[in-house]
Amino acid sequence: MSKEAYYFSHDANARNDEKILMLRVEYGWEGYGVYCALLEMMFESSDTKLSHEKITGISLGNNIDITLLKGVINRCISERLFVSDNEKFWSESLIKRKDKYLEVKRKKSEAGKKGMAKRWNKTIVTGK
């Protein structure tokens, strides 16, 4: 397991979003917690998506009741918090946030490499 902790932006008032409120009406704060955990797992995945086939593993690995997990996922899809193609599900807004995060990370890496090269009077090739 990687020790690197990733950061992604999160709206401070998300708990009051109409879609989130509908999730909370049915599943309470526990459902909101499951939703947030799913977002974290999506962010960690290479394609920022989770597989419907892996739901039982997600349930076991995170000690989440399978009925609760399936219900939260289905509610998130019906509220358009998640999108599904019946194989995988994902958050469009999270994909945008992750793309922005990766771009900032890439730019910082390039700036660091340029700074190092300037410091040591070396020429480097960037990722562009």
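**From overall fold to individual residues**

The protein chain contains four helices and three strands, where helices (H or I, at least four residues) and strands (E, at least two) are DSSP runs numbered from the N terminus. Read along the sequence, these elements follow the pattern α-β-α-α-β-β-α. This is a predicted model, in which local features need pLDDT of at least 70 and side-chain atom pairs count only at pLDDT 80 or more, whereas totals for chains, interfaces and linings use all residues. Residues are numbered from 1 along each chain as its sequence is written, and side-chain values use heavy atoms, with hydrogens and water left out.

Of the 128 residues of the protein chain, 31% count as buried, a class that means under 20% relative accessible area, with exposed meaning over 50% and partly exposed in between (1.4 Å probe, protein chains only). Among contacts between residues at least 6 apart in sequence, 58% join residues at least 24 apart, contact being defined as heavy atoms within 4.5 Å.

Two packed helices are described by the angle between their axes and the distance between the axes. For helix α2 (residues 55-62) and helix α3 (residues 66-78), the axes come within 9 Å and cross at roughly 120°; the axes are lines fitted to C-alpha atoms, for helices over the stretch in contact, and angles run from 0 to 180 degrees between N-to-C directions. That angle makes α2 oblique to α3, because angles under 35 degrees count as roughly parallel, over 145 as roughly antiparallel, 65 to 115 as roughly perpendicular and the rest as oblique. On the α2 side, Ile55, Thr56, Ile58 and Ser59 meet Ile66, Leu69, Lys70 and Ile73 of α3. By class, this contact of α2 with α3 has five nonpolar, two polar and one charged residues (Ala, Val, Leu, Ile, Met, Phe, Trp, Tyr, Cys and Pro count as nonpolar, Asp, Glu, Lys and Arg as charged, and the others, Gly among them, as polar).

Glu79 lies in the loop between α3 and β2 (83-84), and at 17% relative accessibility Glu79 counts as buried. Leaving aside neighbours within four places in sequence, Glu79 is in contact with Lys19 and Met22.

How many disulfides does a search of the whole structure find? It finds zero, a disulfide being a pair of cysteine sulfur atoms within 2.5 Å. The sulfur of Cys36 is 9.4 Å from the closest cysteine sulfur, in Cys76, and therefore too far for a bond. Cys76 is itself buried, with a relative accessible area of 0%.
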